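Dear colleague,

Please find below the structure that I promised to hand over. My notes on what was found in it follow directly after.

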Amino acid sequence: MKKSISFVLNGEPVRAEIEPHLTLLHLLRDELELTGTKEGCGMGECGACTVLLDGRPVNSCILPAMEVDGKNVTTIEGLIDAQGNLHPIQKAFIEHGAIQCGFCTPGMVLSAKALLDENPKPTEEEIRNAIAGNLCRCTGYLQIVQAIKAASNQ
Amino acid sequence: MKKFDYLKPRTIDEALSLLNQYGKRAKLVAGGTDVMVMIKQKRISPDVLISLSGITGLDQIQYDGALRIGPMVTHRQIEKSQVIRKEFSALADAVDVLGSIQIRNVATIAGNICNAAPSADTATPLLVLGAQVKIKGLKGERTVSIESFFKGPGETVLEEGELVTELIIPKPLPFTGSAYWKHQRRLALDLPILGVSVLLSLDRNRISCPDILCATSPISTVLHAMEQEGLVCKEVRIGLGVAAPTPMRAIKAEGLLRGKRISDELLQEVAETASNEAQPRDTIRAEAWYRREMIRVLVRRMAMRSIERVIRPEETVFPTRAW
Ligand SMILES: Cc1cc2nc3c(=O)[nH]c(=O)nc-3n(C[C@H](O)[C@H](O)[C@H](O)COP(=O)(O)OP(=O)(O)OC[C@H]3O[C@@H](n4cnc5c(N)ncnc54)[C@H](O)[C@@H]3O)c2cc1C
Ligand code: FES
Ligand code: FES
């Protein structure tokens, strides 16, 4: 039996009729066709599926979709502004070569956004701590750390 | 993935009657970080998940002499609590290194102990801090100590249809410090090879030369230099994780130190005794002999860190030395 949930997705109110066993990741990618959010491990380990729930990063692959009822969800698609410009963190990732295959990037950018929203001038250690739940197999992390630092104007 | 229904009761009593109604077909869920992974791995296959997230007021941390932690309090909330960092430091140490921020934002401390993994990071901090677990069922309420809460790997004293409604940690004695060390191979997203917690209450927080604790010399040298201070250990608790089928206290080791003057020799004996009391196993993460060696090393180090936190409390916020 389907159940009804309402939440705010990237600033827009959404109402969805869903099977109650769906994960948020499944809802986003397969029902709402927002494929920016990636599935890596599907078990909470890699952070590729990171989205912001009321501004806080969570792993959407193990979050029951029923839990977002009444909440605010931001995915990578929500970072672009009304004129279609990329978010400063996304620009910094491009400028610093922090993207190779790009699979970790949406999650990485959202973890960075949550960090900078809370702590606009993080130290390198704080940056590394903030992205500890986001695995990247390509870059070796250095460029990512540099990009986040640059996005914070340091 | 297996289909299941998802229910969000509005009150604890409603949750209890649903648990009772569905019995073994239901699984309670707080943050879901254990439950959802177990469902995906097909280790459990409930027909109904009963979530606590629709009940208001369960996500509070209160400090009114005792510390009271609600069942929906996340590890991230604990990590950010300044009271816990200062007064209940071992718990702050544990959540600092538990999972990732994504996990800590949803995973709860109640879920961590109810899941009862031998490696649960918050278990030994709660042991040394003397936590009490408040349990509610249709038949009524009861409170058990955290020591009697764990019965085996994945097993607790919770009976079918019961849930944890609160964790209560008494205010520590004056001049108390505590510390937890997660011995792991990576700095994040790893399960501990060993978890070691120590809590020490001293007879005072002043010594003639507190700067001795900033020395980079070996522990023995520092302790020898401190011996004439005559610091007395009023109370001590030692908690070991992944060292036995359940998180355990090293009771014999504690007995050697309680009421005694702190010295290098005594701390070595205490650590040795704790290591002998443990019953570690060979597992893929480490062999038993290695765990025993490391218990000896880490009990001493966490005792030093506890002393440091009493004498130089400002270091509690940014620990500098692992000892
Ligand atoms: C990627 C990843 C990394 C992890 N890293 C760590 C780590 O470093 N250290 C660590 O210790 N753990 C780790 N875990 C395990 C898990 O995150 C923790 O055990 C967490 O605290 C569980 O809390 P939860 O709220 O998500 O529990 P849930 O999954 O909701 O529940 C866990 C169990 O407790 C029961 N339960 C929950 N709340 C109650 C209650 N109030 N009363 C009675 N029963 C209840 C549930 O029925 C279930 O059996 C990790 C998990 C993942 C997926
Ligand atoms: S896909 Fe969610 S953490 Fe890996
Ligand atoms: S860029 Fe390929 S995984 Fe990070």
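In this predicted model, strand E1 (residues 3–9) of chain A runs parallel to strand E5 (residues 72–74) of chain A, and two bridges join them; strands here are DSSP runs (E) of at least two residues and helices are runs (H or I) of at least four residues, both numbered from the N terminus, and two strands pair if DSSP finds at least two bridges between them. Within this pairing, Val8(A) has Asn72(A) in E5(A) as its bridge partner.

Both strands belong to an open sheet of five strands in chain A, with the order E2-E1-E5-E3-E4 and mixed pairing. Its edge strands are strand E2 (12–18) and E4 of chain A, each of which pairs on one side only, and neighbouring strands of the sheet are turned by 40° against each other on average, direction ignored. Helix H1 (residues 24–31) of chain A lies across E1, E2, strand E3 (50–53) and E5 of chain A, and runs at about 80° to E1(A), whereas H3(A) lies across E3, E4 and E5 of chain A at about 35° to E3(A). For these angles, axes are lines fitted to C-alpha atoms, for helices over the stretch in contact, and the values run from 0 to 180 degrees between N-to-C directions; contact means heavy atoms within 4.5 Å.

Chain B has an open sheet of three strands, in the order E1-E3-E2 and with parallel pairing. Four bridges link E2(B) in the parallel sense to strand E3 (residues 48–51) of chain B, where Ser51(B) in E3(B) stands opposite Val29(B). Helix H1 (residues 12–22) of chain B packs on this sheet and touches E1, E2 and E3 of chain B, with a direction that makes about 165° with that of E3(B).

As to the interface, the contact takes 31 residues from chain A and 28 residues from chain B. The two chains bury about 2300 Å² between them, 55% of it on carbon and sulfur atoms, buried area being the accessible area (1.4 Å probe) that two parts lose on being put together, summed over both. Between chain A and chain B there are four salt bridges, each a side-chain nitrogen of Lys or Arg within 4 Å of a carboxyl oxygen of Asp or Glu. In one salt bridge, the side chains of Arg76(B) and Glu118(A) meet at 3.8 Å, N to O.

On the side of chain A that touches chain B, strand E4 (56–59), helix H3 (105–118) and helix H4 (124–130) of chain A each supply at least two residues, and the largest share, four residues, comes from E4(A).

Two remarks on conventions remain. Residues are numbered from 1 along each chain as its sequence is written, and chains are lettered from A and ligands numbered from 1 in the order in which they are written. Local features need pLDDT of at least 70 and side-chain atom pairs count only at pLDDT 80 or more, while totals for chains, interfaces and linings use all residues, and side-chain values use heavy atoms, with hydrogens and water left out.

With best regards
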